[in-house]
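Colleague: I am new to this structure and would like to go through it step by step. Please show it first, and then I will ask about its parts.

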Amino acid sequence: MNDTKTENAFSRGGDAATVEDRDVLEIVARLHDERPADIVETLNALSPDEAAAVLLHLPIDRAIDVLDEPDLNDEAEIVPLLPRDRAAALLSGMSADRLADIFPEFDEVVQQELLTRLDPEMRRTLKQLLSYPEETAGSLMTTEFVSVPANWTVGQTLRHIRMVEGSRETVYSIYVLDPQNGRLVKAVPLRRLISADPDDSVTSAGPDRKPISVTAMTGSDDVARQITKYDLLAVPVLDGEGRVIGIVTFDDVMDLMIDRQTEEVHRFGGMEALDEPYMEIGFWEMIRKRGGWLCVLFLSEMLTASAMQSFEGELEKAIVLTLFIPLIMSSGGNSGSQATSLLIRALALRELSLRDWWRVALREMPTGVVLGTMLGIIGIARIAIWQETGLYDYGTHWHLIALTVGCALIGIVLFGSLAGSMLPFALKRLGFDPATASAPFVATLVDVSGLVIYFSVAILILRGTLL
């Protein structure tokens, strides 16, 4: 195929490509024996035009495997560049759940053009999967599973598996259905099926217990807990009549959990979650994602200046107190961030519920006192050592200053622990994601209150001496 033919082929699919055939064929030849995941890494390093040209020249089975990889970037730009018939053939060969993930990313015109070219069964399956809300079992499931009637033998089932294996995403378990109404009877692990007598009934090869299952509207968190709790590789999704309409596999849940945890890490760092890999997100998009939260935190930190202005007179009389402000502020923020991290994770894993807030508060109070006492002792020791060794002279009332720092640290760490542990509960109660309780936000909150606690303690202890 010469360059003109290549350009014509692409123009029928979308934008014209200007990729040299020679370069494309060299890349294709180099990728001939590579695994799909490795091919994806190569395509991610290319422009969408170049990636589309490579997919056009790859054998169709290999190209389908590549598109099935969840780490492929820019599918919404690559697929429309392919000739429509080629694109439809690739999409029809993909796993249904993966196609349901990428199809909404195409613009409406491309969706309509491709939808009419998909085979009827894939079109029907795609519409069904797209009808379920996000982060439900229905949106995660694949309709490609192996099922057999309960009146089959093990030998019949094994022969059926050999016939359909290539068109199924996984064969972790075989789902045995009632031949009369199609309801799920048993889930037979492949390992047990292989070791069973070929003449035995397929139902005899399965465990006696009732199979674990979920419904299409079961939340993704509950699906993940079921898979983890019962150590499953896949869980069947049933309709209202008890019939299997799909399965959610372990790797699909893992992909979702990784994406979600990435978003939570970004939010916990005090920024909006990134929608693309770090090196691919645009400059101004990065500014937008980070700038908003940074401005909010900066405005919040202005309260710190207001708090210090309120104690301007005390600072003028005892300027030595300013030496310990960074120590005080960081200690409270650190304790608050620790508590927030622990509680966000516990809430996410459902180790705790909203009604457990008082138990957490009762647990954090003595914890905060002990941790604050530890830091207070260290702070007092530091002041005493510096004073006695002559490294710094805190004045004749240095012991009162040390006591002020020690007592303030107890109060600030206690408050930080309580505030950091209660904030996720408050956000969850208001309907927000607890991960919004970012570490910088907690630190800012505790900074302001920490200064108030510090100077209040100073007034009580140093009144009549330095103040």
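Colleague: Over how many bridges do β5 and strand β6 pair, and is the sense parallel or antiparallel?
Modeller: This is a predicted model. Strands of a sheet pair through backbone hydrogen bonds, either parallel or antiparallel. Within this pair, Val 235 stands opposite Val 248 in β6, and Ala 234 stands opposite Thr 249. β5 and β6, the latter covering residues 244–249, pair over 5 bridges, and the sense is antiparallel.

Colleague: Which residue in the turn of the β5 and β6 hairpin has a positive phi?
Modeller: The hairpin formed by β5 and β6 has 5 residues between its strands. A positive phi of about 85° is found in the turn, at Gly 242.

Colleague: Are the residues of β5 buried or exposed?
Modeller: In a regular strand the side chains alternate between the two faces of the sheet. On one side of β5 lie Ala 234, Pro 236 and Leu 238, and on the other Val 235 and Val 237. Both faces are covered. Of the 5 residues in β5, 5 are buried.

Colleague: At what angle do the axes of helix α5 and helix α7 cross?
Modeller: Two packed helices are described by the angle between their axes and the distance between the axes. Ile 60, Ala 63, Ile 64 and Leu 67 in α5 meet Arg 86, Ala 89, Leu 90 and Gly 93 in α7. By class, this contact has 6 nonpolar, 1 polar and 1 charged residues. The crossing is right-handed, the axes come within 9 Å, and the angle is roughly 65°.

Colleague: Which residue forms a salt bridge with Arg 84?
Modeller: Side chains of opposite charge can pair when their charged atoms come close. The closest N and O atoms of the pair are 2.4 Å apart, and the partner of Arg 84 is Glu 113. Arg 84 lies in helix α7 and its partner in helix α9, so the pair ties together parts that are 29 residues apart in sequence. Arg 84 is buried at 9% relative accessible area, whereas 29% makes the other residue partly exposed, namely Glu 113.

Colleague: Where does Asp 208, the partner of Lys 186, lie?
Modeller: Lys 186 forms a salt bridge with Asp 208, their closest N and O atoms being 3.9 Å apart. The pair ties together parts that are 22 residues apart in sequence, because Lys 186 lies in strand β3 and Asp 208 in the loop between α14 and β4. Lys 186 counts as buried at 15% relative accessibility. Asp 208, at 75% relative accessible area, is exposed, and its place is the loop between α14 and β4.

Colleague: How many bridges join strand β2 to strand β3?
Modeller: The two strands run antiparallel, and the bridge partner of Tyr 175 is Ala 187 in β3. They form a hairpin with 6 residues between them, where Gly 182 in the turn has a positive phi of about 75°. The number of bridges joining β2 to β3 is 5.

Terms used. Residues numbered from 1 in each chain as written. Predicted model: local features only at pLDDT ≥ 70, side-chain atom pairs only at ≥ 80, totals over all residues. Heavy atoms only, no water. Pairing = 2+ DSSP bridges. Helix = DSSP H or I, 4+ residues; strand = E, 2+ residues; numbered from the N terminus. Axes fitted to C-alpha atoms, helices over the stretch in contact; angles between N-to-C directions. Left-handed = near helix turned anticlockwise from the far one by under 90°. Contact = heavy atoms within 4.5 Å. Nonpolar A, V, L, I, M, F, W, Y, C, P; charged D, E, K, R; others polar. Buried < 20%, exposed > 50% of the residue type's maximum accessible area, 1.4 Å probe, protein only. Salt bridge = Lys/Arg side-chain N within 4 Å of Asp/Glu carboxyl O.
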